[in-house]
Amino acid sequence: MNQSFPTPRKSPAWKSFWRLLLFGLSTYVAIVVMLALLQRALIYLPSRASRIDPRDAGLPPGRIHTITLRTDDDLELRGWHLLPNGQSAADRTQCDEQLALGRPVVLYFSGNAGHRAWRIEEFELLTRLGCDVFVFDYRGYGDNAGSPSEQRLAADAAAVWRYATEARRIEPRRLILFGESLGGGVGVRLAADQSVSGTPPGGLVLRATFSSLPDVAAYHYPWLPVRWLMIDRYPSVDRIGRVSCPILHLHGRRDTIIPIQLGRRLFDAAPPQSASGIPKQFVELPTAGHNDILGVAEAELRAALGEFLKQSQ
């Protein structure tokens with residue numbers, strides 16, 4: 001006997017649609033929540049080291065010295081003092097004698113990855129231009145304890161300023177703030193704060209930096225509500241209008257990490273000239289991206305920095 005079975009009923013199309021929509025929505029929400037919770041791990045990419053020996057930098061003895069400071073929350077930060085090419089010192093006393101000669105001193109604020117030993121070539125470019133360089137790793141970077149955030153990095157930068165002006169007795173007008181990438185956000189904030197307090201630095205150099213961190217995130221993730229989610233925002237575009245010192249901004253046209261339009265947005269928000277009448281400058285590097293500026297545009301970089309140092313002193 002033939003036995004017949006009922007034909008399975010097909011789910012209505014609208015049910016399949018809603019199941020698919022619910023799955024897509026839940027996946028999207030999960031991604032948003034994950035990014036919100038992990039955002040600082042995505043922003044800050046420090047390299048850690050138990051000890052960073054200046055002898056491993058490959059510079060002649062006496063050209064580079066370990067320096068330390070304490071932040072307001074009693075955290076010790078370690079960094080380096082690099083003397084100009086051709087100069088040397090045996091100890092802190094001789095370093096202070098060198099600093100008393102009146103050369104410009106660069107306070108270098110690094111990007112979001114690595115630690116100070118990764119940037120010897122950048123420091124050497126500045127020392128070949130006759131500058132002393134102070135570079136401190138942020139908290140959580142290199143051989144420094146702690147964990148980074150926008151507020152904590154701002155506190156670190158303020159401690160670096162106090163160290164230079166108080167512990168090492170360097171006049172603010174001799175200090176050049178140099179901020180690369182994320183360090184541009186740190187440098188703009190420090191320059192604005194010091195300008196408002198009446199002790200502006202001698203100059204602010206920005207290299208491949210942004211208008212704000214949400215602008216960068218929105219560029220890379222236009223499908224996510226990053227402007228609502230981000231805790232650390234580095235709103236340099238809102239702060240740079242208070243900077244009264246000379247400003248030089250350098251940016252690669254081929255930069256795909258921080259596109260040049262975000263650099264120009266920041267530059268457009270800056271005052272047209274410093275309090276001393278020096279016009280702001282934007283130098284576009286046609287062949288450079290984000291991380292290859294020294295490799296493909298060193299000559300243009302050196303020329304722009306050299307001219308800026310001359311007019312800002």
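Helices (H or I, at least four residues) and strands (E, at least two) are DSSP runs, numbered from the N terminus. The model is predicted: local features need pLDDT of at least 70, side-chain atom pairs count only at pLDDT 80 or more, and totals for chains, interfaces and linings use all residues. Residues are numbered from 1 along each chain as its sequence is written, and side-chain values use heavy atoms, without hydrogens and water.

**View 1. The lining of the largest pocket.** This pocket is lined by 36 residues. Nearest its centre lie Leu-42, Ile-43, Leu-45, Asn-112 and Ile-257. H1 gives the largest share of the lining, five residues. Helices H1 (13–43), H3 (120–128), H6 (213–220), H7 (226–229) and H10 (293–312) each supply at least two.

**View 2. Thr-209 in its loop.** Thr-209 sits between strand E8 (203–207) and H6. Its relative accessibility is 0%, so Thr-209 counts as buried (under 20% relative accessible area, 1.4 Å probe, protein chains only). The side chain of Thr-209 reaches the backbone oxygen of Ser-181 at 2.7 Å. Not counting residues up to four places away in sequence, Thr-209 touches residues including His-249, His-251 and Leu-266 (contact: heavy atoms within 4.5 Å).

**View 3. Thr-127 in helix H3.** Thr-127 belongs to helix H3. Thr-127 is buried, because its relative accessible area is 1%. Leaving aside neighbours within four places in sequence, Thr-127 is in contact with Arg-63, Leu-82, Leu-83, Pro-84, Asn-85 and Val-133.

How values were computed
1 Å grid on protein atoms, 1.4 Å probe; cavity = no way out; pocket = protein on both sides within 12 Å on 5 of 7 lines; lining within 4 Å. Buried < 20%, exposed > 50% of the residue type's maximum accessible area, 1.4 Å probe, protein only. Polar contact = N/O pair within 3.5 Å; in protein donor to acceptor, adjacent residues only side chain to side chain.
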